[in-house]
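Me: Can we go through this one together? I'd like to start with the ligand and then look at a pocket.

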Amino acid sequence: MIDLFPLAGPLLFRFDPEVAHGLTIRALKAGVIPAGRGVDDPVLHTRVWGLDFTNPVGLAAGFDKNAEVVDATLKLGFGFVEPGSVTPRPQPGNPRPRLFRLVEQRAVINRMGFNNEGLEAFAQRLERRRDAARRAPGVVGANLGKNKDTVDAADDYVIGVRRLAPLVDYLAVNVSSPNTPGLRALQGREPLRALLDRVLEARAACGLSRNPPVLLKIAPDLTVEDKSDIAAVALESGIDGLIVSNTTIARPDEIPQALRGEAGGLSGRPLFAPSTSVLREIYALTNGKLPIIGVGGISSGADAYAKIRAGASLVQFYSAMVYAGPALIHRMRRDLAELLRRDGFKSVGEAVGADHR
Ligand SMILES: Cc1cc2nc3c(=O)[nH]c(=O)nc-3n(C[C@H](O)[C@H](O)[C@H](O)COP(=O)(O)O)c2cc1C
């Protein structure tokens with residue numbers, strides 16, 4: 001693929017981060033960012049939840065909040081994409097500025113607060129895509145959130161499930177964004193059990209011939225008790241998998257003084273170690289029975305491979321795109337394939353959880 005990022009990157013960095021993001025979405029919509037799909041190395045093919053992924057590298061939630069660039073991002077080479085988080089009603093999110101680059105640390109702090117156009121606009125775009133003659137190949141999930149002013153959170157997730165279950169390959173229940181007051185409390189044992197029961201009930205009530213898998217996306221900032229509760233509830237409830245993890249509210253020492261006081265979730269390179277350690281623990285606590293999407297600080301094929309060995313069946317990233325551009329997807333797939341072969345694995349599936357054996 002032609003890599004325009006060495007030219008476009010420095011230009012984008014002259015804009016406020018949110019403006020730069022808006023320009024990127026517009027460029028993707030206009031088709032001016034060259035597609036880099038190519039053909040995936042067969043060693044990268046993997047089957048999870050009965051879904052075929054030509055490669056295990058996905059685009060994490062928050063990049064395409066309104067499902068505007070599903071095909072355009074798949075064409076960049078991702079094996080799967082996860083538009084959202086979407087809330088039932090449109091909402092503006094937090095006041096700006098709410099997105100900060102930490103260039104030296106290759107990190108991002110965001111407190112967007114689920115700014116999005118709402119469920120109807122999101123679903124209609126997916127319907128238009130479903131009815132279109134041509135679609136980019138790849139798996140498409142949807143990440144569900146709740147409106148800031150909704151009192152019973154489960155109501156909002158149920159609305160999301162009803163509208164989107166027929167339109168996507170999987171559903172992610174996001175209870176881990178640090179920017180919606182009270183959201184992360186849904187990770188506690190009882191609230192989580194009640195929430196997941198209602199979500200699964202809503203999915204069953206759709207009466208679909210094929211139920212989209214339901215995945216729970218969790219935070220990296222959890223106590224030992226939280227983690228064992230989540231693992232137990234995830235296994236008992238009958239959900240299909242986990243996404244580990246969202247951004248962190250921690251501020252490691254390397255975060256400069258000027259920005260460490262900014263509220264919000266930290267992502268990118270400093271999140272790699274803590275999120276991988278939570279992934280490793282959750283894989284062990286669930287005895288490898290639930291497929292996990294590993295996300296947090298991935299910026300190379302080696303990082304993706306490390307998450308897979310720690311227990312991830314699939315991986316996602318977002319922040320590294322800001323610093324390396326879309327050509328990273330191609331490099332990541334190539335390097336991951338090489339690492340799998342080097343260690344004698346014939347497929348991604350064989351390497352999942354290898355560190356635990
Ligand atoms: C600007 C921004 C917005 C995000 N919005 C969402 C969101 O709406 N829902 C969600 O589940 N995660 C959201 N995330 C978290 C990412 O999906 C991912 O879990 C996190 O950034 C860690 O991955 P990374 O280090 O590769 O960025 C957002 C991240 C960023 C940087």
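**Ligand and pocket**

Reply: Strand E5 (84–86), strand E7 (107–110) and strand E12 (265–268) each put at least two residues into the shell around the ligand. Keep in mind that this is a predicted model.

Me: How many residues surround the ligand, and which are the closest?

Reply: There are 25 residues around the ligand, and the closest are Ala-61, Ser-85, Lys-217, Gly-297 and Ser-319.

Me: How does that shell divide into nonpolar, polar and charged?

Reply: Nine of the shell residues are nonpolar, 14 are polar and two are charged.

Me: What lies 3.0 Å from an oxygen atom of the ligand?

Reply: A polar side-chain atom of Asn-174 does, and so does a backbone N or O atom of Tyr-318. Gly-297 has a polar backbone atom 2.7 Å from a ligand oxygen atom.

Me: And how much of the ligand does the protein bury?

Reply: The protein buries 98% of the 600 Å² that the ligand exposes when taken alone.

Me: What's the lining like by class?

Reply: The lining of the second largest pocket has eight charged residues, seven nonpolar and one polar.

Conventions
Residues are numbered from 1 along each chain as its sequence is written. This is a predicted model: local features need pLDDT of at least 70, side-chain atom pairs count only at pLDDT 80 or more; totals for chains, interfaces and linings use all residues. Side-chain values use heavy atoms; hydrogens and water are left out. Ala, Val, Leu, Ile, Met, Phe, Trp, Tyr, Cys and Pro count as nonpolar, Asp, Glu, Lys and Arg as charged, and the others, Gly among them, as polar. A residue is near a molecule or strand if one of its heavy atoms lies within 4 Å of it. A polar contact is a pair of N or O atoms within 3.5 Å; within protein, one must be able to donate a hydrogen and the other to accept it, and residues adjacent in sequence count only if both atoms are side-chain atoms. Accessible areas come from the Shrake-Rupley method with a 1.4 Å probe; for residues, only the protein chains shown count as cover. Helices (H or I, at least four residues) and strands (E, at least two) are DSSP runs, numbered from the N terminus.
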